[in-house]
Amino acid sequence: SPSAALAPSALSSPRVKDSVTYDVDDEGLYIPSTDPSATRSTRALLTAMVYVSDTSGIMFGQQNANTEGQYFRDTDAVTGRCDVTNATSTSATSNDGGFPAVVGFNSQDILDGKDLSAHVMAAYKEGATI
């Protein structure tokens, strides 16, 4: 029946930790089976993604997150703002909100000579994957 196809058990997926087995390094980070010699950063990213996949949390990305947004333009990467921060901060003047897990930048801007290195470093310092 159509309602049976939409039952919660039909929509739920197995927990990643229960469906995939990873080797673990000395720091407790998962080692990708496709690349046993993966860098520490890669192992840390995989571990974080597996952890988030087993929670109600989400990871998402945003293009040009810290260069321009709905209510700001930051040409020098000095404000520490992004639309996600603006939407999740406790007040309009605080900077305590979230930040995208993945940040992309327009390669055409780089080809046109725009220096985005300060924005890339600022996003990296926030913990974003570039």
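Modeller: From the N terminus on, the elements run α-α-α-β-β-α-β-α-β-α-α. That comes to 7 helices and 4 strands (DSSP runs numbered from the N terminus: helices are H or I with at least four residues, strands E with at least two). This is a predicted model: local features need pLDDT of at least 70, side-chain atom pairs count only at pLDDT 80 or more, and totals for chains, interfaces and linings use all residues. Residues are numbered from 1 along each chain as its sequence is written, and side-chain values use heavy atoms, without hydrogens and water.

Take helix H4 (40-53). Its 14 residues should span 20 Å at 1.5 Å a residue, and its end C-alpha atoms are 20 Å apart, which agrees (the expected span is 1.5 Å times one less than the number of residues).

Some of H4 is covered. Arg 43, Leu 46, Thr 47, Val 50 and Val 52 are buried (under 20% relative accessible area; exposed is over 50%, partly exposed in between; 1.4 Å probe, protein chains only). In the protein, 27% of the 130 residues count as buried.

An α-helix has 3.6 residues a turn, so residues three or four places apart point the same way.

Met 59 is partly exposed, because its relative accessible area is 37%.

H4 also gives the most to the lining of the largest pocket, with 4 residues. Leu 45 is one of the lining residues nearest the pocket's centre, as are Tyr 124, Gly 127, Ala 128 and Thr 129. On a 1 Å grid over the protein atoms alone, a pocket is an open set of points where a 1.4 Å probe fits, with protein on both sides within 12 Å along at least five of seven lines; lining residues have an atom within 4 Å of a point.
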